[in-house]
Structure formats: C-alpha cells, structure tokens
Amino acid sequence: MQKVVLLGDEAIAQGAIDGGVSGFYAYPGTPSTEIMEYAQSSKEAASKGIHRIWSANEKTAVEAAIGMSYAGKRAMTQMKHVGLNVAADAFVNASITGVNGGLIVVAADDPSMHSSQNEQDSRFYGDFTMIPMLEPCDQQEAYDMAYNGFELSEKFNVPVMMRLTTRLAHSRSGVERKPQKPELKGSLPQDPRQFVLLPAIARRNYKKLLGNLDSIQESANNSPYNKYIDGADKSLGIVACGIAFNYLMENYAGQCPFPVVKVSQYPVPRNHIEKLRSECKAILVLEDGYPLVERMLKGFFGAGIPIMGRLDGSLPRDGELNPNNVAAALGLRIVEGADVPEIVRNRPPSLCPGCGHRDMYNALNEALVEYGTGRVFSDIGCYTLGALPPFNAINSCVDMGASITMAVGASDAGLIPAVAVIGDSTFTHSGMTGLLDAVIKNSPIVVVISDNSTTGMTGGQDSHGVGRIVEICRGLGVDEKHLRVVNPLRKNHEENLAIFKEELAYQGLSVIIPQRECIQTAARRKRAASKE
Amino acid sequence: MKTDIILAGVGGQGILTIAAIIGVAAVNKNMYLKQSEVHGMSQRGGDVQSHLRISDSPVHSDLIPRGHADIILSVEPMEALRYLPFLKPDGYVITNLVPFNNIVDYPEETRLNEKIDALPRKVAINADEIAKEAGSARASNIVMLGAASRFLNLSTEDLEFGIKSLFGRKGEEIVVMNIKALHAGIEAAEKQM
C-alpha cells in the first residue's frame, strides 16, 4: 500500500478517522493545532459527517467529547499541554465517570518551549488519573495508536490519553493506512447513573477503576508498542520512552549494543523493566519532558542499581532531547559542526507590518505616558509580541484569560489604572468570566479587547468572538458609555489616542475594542474568494 | 544512501514549500523520509528551519544530529550561518545572497558577504534576481531548490514531479513558471561549481 506523508498530528487525525471516530473537539494550540486542521480539510471526514468544529476552549472541548462518549460514539479531543490544565477538571473526572463510546484525549507537549510558557509533562496527568497512556515514537505509531485507541478505551471503560511532543507533532513521514472501521451507532450507557458523580456513585466508580489497574498494567506489559530488545553488553540497560527511542537508534544506526526497553504504552511495562534490572548493572532512562520514569525507577531512597537520566546530570534537566544530548549520555564521541559566527543575530518573531495590534499599542503606549509603565497585563496571542521592542508595552503573560483578572487584582492592590490587553479568541476562551468579575466590582481598569476576528498566532483559525464581542460585553453588563469600539488604523491615531486617554482617566471599568481583521486572515479569505 | 538537509530562512519565505517538493519527490521514489518543521510563534517573521532527511533505508531521528547535515539550504544569507553547527565538516552551504532585514541589528552586508565568501564549500546566488528573470519574483525559493538539486540525490525529473504535484491545483501556468525557476537555479549553481 502506498504510504501517505503525514505530520505526527495529521497521522493522529487520520488514524482516528480510520478508527471510527465520530467527533473531534479542540481549541487551537501549538503543537496540537494540525490535528483538527487536518480533520477539517479531510474529504473523508466531511463525507462521513464527522464533527470537527473548534470549541471555545479546551474545557468545553473535553466536556463535549465526554458527551459524545456518553451517547455511545467515539470521540477525540486534542490540545496543547497547557490546554490540558484548562480542561483538567473535566479530564480528571472523566477517569471516574468512565466512558461509553471510546474516548481519546491527546495532549501535545512542548519541551524546550518553542511556542509555550512552560514545558510541563502531560504524562503526569495520565499517571495520576491511572488511565492507559500512549506515547508514539513515530508517525506510524501515532496513526496506529489513534486507530486502535478507541477499543482500548472501550475495553477498560476509561479515557485513553495520547501524549506526544512538538518534534513528532510537527515532523512528517510516510504512514501506511489501515482499512476504515465504521462509526459506532450510538447507545446509552448500560448503567444510566454511570456519569452521575454523586459521592456515592463516584466512590463506586473509583473502586471500579482501582479494580481495573491490574488489567491496565497487564495490557501495557503485553502491548505491541512496548518492547524488550536484547543486547549483548549488559553493563547498561536503557529505557527509551516515546520519541527518545529514535534518538537512541540514531546513535547506533539501529543496532544498540545494550538491552533496551522501548516504552510507548503506560503504565510502564513492569515485566520488561524487571527483566532489565535483573540483567543489567545500571539503567539509563531517556524520556522527553520531566524525569517521570526515572523518578519512578529510582524511588525515594535511590536503593538498587544506579539509575541515570535527567536527575543525575547524564542528560540536561530541561529542554527537549536530541540525538546529540542522548549521544553524550551514552558516552559516544560527538562530531560537532562549526560554531555559529558571532555576526549572526537573533531574529525574534514580530507583529506583521500592517497589523492592527501595532496601532493599538501605539495608542495605548502614548496614552499611558502620564501614568508611567508597569501596569499592562496581557494575554496569550500575537499581541503578546508587544512585550518585545519596539513596543515594550506589556508586563505579563501567564495563562489564557489572565490579563483581565490580573488587572482586577492589581487594581484591588491600588495599581490604578490597570490595563488588560486580550485578543478576541482568548477573550471568548477564558476572558468573559473574568470580565464579569470586573463588572460586578466596577474595577478601575481598562480592558482592551484587540479584536482581529481570528485566532492569529496558531495560524488563523475561526474565532468564536467574530461579530459578537460588543454584544458579549453588553450582555455581561459593561456600561454602554465606557464600551468603545475603535478602528486601529494609523490615520485614526489621534482620535483613538483621545479615547484611550478618556477611559484611562475614568475611575471604573472601561472596555475598548480596537476592531480590524488580521491581515493574514483577510488575505487568505480574499484568495479563497477569488478562487470561487 | 542518505541525505540530511537543513532548510533555513525566515517565517513566510517558503522553506516549507521546498521541503514539501523534496518530500513528494522522495516518497514517489519509495524513499524513506522524515521532515521536522517549525510551526507556531516563529512563523511571525522569526527564524525558521526544517530538518529534512531522505534515505533508501529507514530514518530513525526526526532531528539531524549536529555535525551531520550534508547541506544547508538557506533562502537568506544570515540564516545560512545560524545552522553551521549542524553541517558536517565536508558539507555544502547553498544560500540566497539577498538579506531579509527585519531586525534593528542586522549585520552589515559587506561583513555578512565576507563570512559567506569564507565558507569552504558553498553555492551563493542572488535567487531573487534570478527568479525575477525567470518570470516570478515569488519563486526565489524554487530557484534555491534548483541550486541545491545536485546535492539531493534526486533527478531534475523527480523534482519536476514534486513541483507538479504541489502546484498542479494552481494551474499549468504556475507549474511552468516554477519549473522555469527550478532550471534557472540549476544553471546558476552549475556556474559556481
């Protein structure tokens, strides 16, 4: 069968489509975005009527996926690692409700923080919810795991988590597809109260989950994704998780002299690990992300054979693995290239020429001169680039929606006026509830909803806020007199500046909405229109 | 036979298009392929790179180890230099000489050219000018693909197949123009070898 060349993300989407999924639920976030984008552009998914519309945020996405599972169909929900924090309430409780139709939760981690504010390791979520967890080492496994993951979920009556990292999410390779499975027809859960987590039922469900752990462990021990690969040199045994397996094999051209346990399904396969311990003098753990398995093998007292990895300095404590740092941990000689010439300068990302956020920051910065710096709380999106020169305009970027609520807290502490800068998509993701807090207290803050009518940073996905931002603010109770819509264009600078100044001087809640479509999205829309 | 290629440039300069053409051409010949890309934040005018590995045997790592790339193919001169740690000692740098200057401290062009000149194995061309002469200023990335073609272990026909597959939907005119740019790049590189 001819292979198709797919990104790791795309392989997951295709695997789910071929595996009988009925709905994808997600909010855009690097490096997970391309799973949904692939599903949205798939003709097969369209012809089957598979659900593939973006959700308002990761929590609503996971909840909708649980709902589809309840109704007896297979669902996939996918997000970046920090998105799983947003969805954690729903996700953790789904391990207690269990599933009806198979449910796969995909978390795409970003070690080295290429496009993220931390490098948290989602495997910890999988570990403490005690559900089966899959970590593909390559695109084919990504496909296979999505294809087979729904049955695994249905077999153990729990969600299955899939964890991958940026490198695999955004790397292409040939993938062999399998025959398409039909979607489930839909059916109610056999126990009508399975999803009712009243304490009495939750306690019963939890005991059921605990009672399942031995079988879940057994499934990992016998998983086709986990392997014990023998080697003649027993001075060292290696545990290689997910994509780390490839970096190991790269260094030995596929012929590792040491015994290796390849881990791609968790819980960690106890049978293989015990064999490794009994045969080898020391163990090196290769895992992208946090030292989860290393810590597990080491234990509290560090008794037993030496365990090496990120904790003992064999590998760097932070940042992603690569063929070179894995080679160093194995004591292999490294051929290095030339140094980067000192003439080379950093080239940080920047706001596009002509972007409306630029005009917004020009007005805001000028209006704030009389109050002094240090009072602008921002959020997550293209406008976060306002932190960099030439704007140097913002003082925070913490999590989705935090701009408004941090401004509220800072104004409570006497920092008046405080300013929040948030985009339209982030506002509908997690900003609306914070704005309600500000309305209730009439906080002396200026909330700038820089509305470019798209989800810009991740590549221009649909934003739930398009055409609705003003109505939402009105509905939440923002005073009409201090709800100002402006057009962020250079020619309007003086007029906009005056509005920013007026609202900064007001001792209550103001919302200013600079509204102009993202130039990238607008260009794409025009190109698409001219084709038709 | 394995070819490790670092593709370099600035977000929006079309290096992923180059990667896609090589990828389609390689897979069409039943070769193995791994191609790691940068998505997300850096695409907003930041530096971007792609690790592209094609081989007649399975490829393990999605990333090329430092000191192992056969070529650096860059559509921008300063970006070509950024990835020198990845180039193997006898590897080639194939770069466009036209700077993409979107930062305040971009190096002086004469100093930058000196650094490029000093590289022991290189092909350095003005791809923007060549693309314009070939009929489309926007095809400078395809000119660079042409300039690198002799190092790819793929024939001109293979690459033409890649271009046809990728641009076919956009119409015959676009395909012809890009194939012209490919050949212009091949010729420009031949003059330097």
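Here is a quick tour of the nonpolar cores and the chain contact in this predicted model.

## The largest core

Let's start inside. The largest nonpolar core has 98 residues, and the ones touching the most other members are A:V239, A:L248 and A:L286.

Now zoom in on A:V239. Setting aside neighbours within four places in sequence, A:V239 is in contact with A:V261, A:V263, A:I273, A:I283, A:V285, A:L286 and A:V293.

## A separate core

## Where the chains touch

On to the contact between the chains: chain A brings 40 residues and chain B brings 42. On the chain B side, at least two residues each come from helix 1 (15-28), strand 2 (32-36), helix 2 (77-82), strand 5 (87-96) and helix 3 (109-117). Strand 2 gives the most to that side, with five residues. Sort the chain B side by type and you get 17 nonpolar, 14 polar and eleven charged residues.

## Strands across the chains

Strand 2 of chain B also pairs with a strand from chain A, namely strand 7 (residues 171-175). The two run in the antiparallel sense, with three bridges between them. To find the spot, look for A:R172, which stands opposite B:Q35 in strand 2 of chain B.

Terms used
Residues numbered from 1 in each chain as written. Chains lettered and ligands numbered in written order. Predicted model: local features only at pLDDT ≥ 70, side-chain atom pairs only at ≥ 80, totals over all residues. Core = buried A, V, L, I, M, F, W, Y, C linked by C-beta atoms within 7 Å. Buried ≥ 20, exposed ≤ 12 C-beta atoms within 10 Å, placed from the backbone. Contact = placed C-beta atoms within 7 Å. Helix = DSSP H or I, 4+ residues; strand = E, 2+ residues; numbered from the N terminus. Nonpolar A, V, L, I, M, F, W, Y, C, P; charged D, E, K, R; others polar. Pairing = 2+ DSSP bridges.
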